[in-house]
Amino acid sequence: MSRIGKLPIIVPEDVNVTITGNAITAKGPKGELSVDVHPEMIISFEDGQIAVKRPSDGKIHRELHGLSRSLVSNIVEGVKTGFEKRLEIVGVGYRAEMKGIKLVLSLGYSHQIIFVPPESIEIAVEGKGNNTIIVKGIKKELVGQVAAKIRSFRPPEPYKGKGVRYANEVVRKKAGKTAK
């Protein structure tokens, strides 16, 4: 049995869930999201809990069980509280600032990088020296994708650790050349 797939999804009181066929829609204080699960997965909504069951123990059904449960759980959590990723900028002269809805990054290149986020994503810059970027949204995969895109502009390098990294990321540093 899938350890993730067998867990029930507890639906908060201020979230409305509707199941039509293999489409699940959740409406909450942050917005509305829907997801289509595989048509063979069995979705039931009883007593404020969503249960995802699989029809057999075949390989494909075992693979889809945990995935389907995670997708449904993410939309319920997204419309209730939303998701957030934090990025840190490390390096002398590296900084970020907001100009309207655009994120302007100075990362040591000869030009500034201007990033326009997708519609449902909010970006904020804070911290001493404008070195912390916060990416917020209700879609978990889109928040992660935007954070990864921002990180890809200047990933942390292994010698001095300069670049854009996730807030909890540990960058292993290499030893440089030894002087003779």
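## Ground rules

Buried means under 20% relative accessible area, exposed over 50%, and partly exposed in between, using a 1.4 Å probe and protein chains only. This is a predicted model, where local features need pLDDT of at least 70 and side-chain atom pairs count only at pLDDT 80 or more, while totals for chains, interfaces and linings use all residues. Residues are numbered from 1 along each chain as its sequence is written, and side-chain values use heavy atoms, with hydrogens and water left out.

Helices (H or I, at least four residues) and strands (E, at least two) are DSSP runs, numbered from the N terminus.

## Helix H1

Let's start with H1, which covers residues 59–80. The expected span of a helix is 1.5 Å times one less than its number of residues. After the helix comes Gly82, with a positive phi near 85°.

Take His61, which is found in H1. Its relative accessibility is 10%, so His61 counts as buried. Leaving aside residues up to four places away in sequence, His61 touches Glu40, Met41, Arg54, Pro55 and Ser56.

## The S2-S3-S4 sheet

Three strands make an open sheet in the order S2-S3-S4, with antiparallel pairing; two strands pair if DSSP finds at least two bridges between them. S2 and S4 are at the edges with a single partner strand each, so one side of each has no neighbour in the sheet. From one strand to the next, the twist averages 15°.

S3 and S4 are joined antiparallel by six bridges, and Ile24 has Val35 in S4 as its bridge partner. H1 packs on this sheet, touching S2, S3 and S4, and its direction makes about 175° with that of S4. For such angles, axes are lines fitted to C-alpha atoms (for helices, over the stretch in contact), and values run from 0 to 180 degrees between N-to-C directions.

The hairpin has two residues between its strands, and Gly100 takes a positive phi near 70°.

S7 pairs antiparallel with S12 over six bridges, and Glu84 has Lys136 in S12 as its bridge partner. S7 also pairs antiparallel with S13, over four bridges, with Leu87 opposite Tyr166 in S13.

## Helix H2

H2 (residues 140–152) has 13 residues and reaches 18 Å from its first C-alpha to its last, close to the 18 Å expected at 1.5 Å a residue. Leu142, Val143, Val146, Ala147 and Ile150 are its buried residues. They cover an arc of only 135° around the axis, which puts them on the same side of H2; the arc is that of the directions from the helix axis to the C-beta atoms.

What do the buried residues of H2 pack against? They pack against S7, S9, S10 (113–115), S11 (122–126), S12 (132–137) and S13 (163–166). On the face turned away from the buried side, H2 carries the exposed residues Glu141 and Gln145.

Methods:
Contact means heavy atoms within 4.5 Å.
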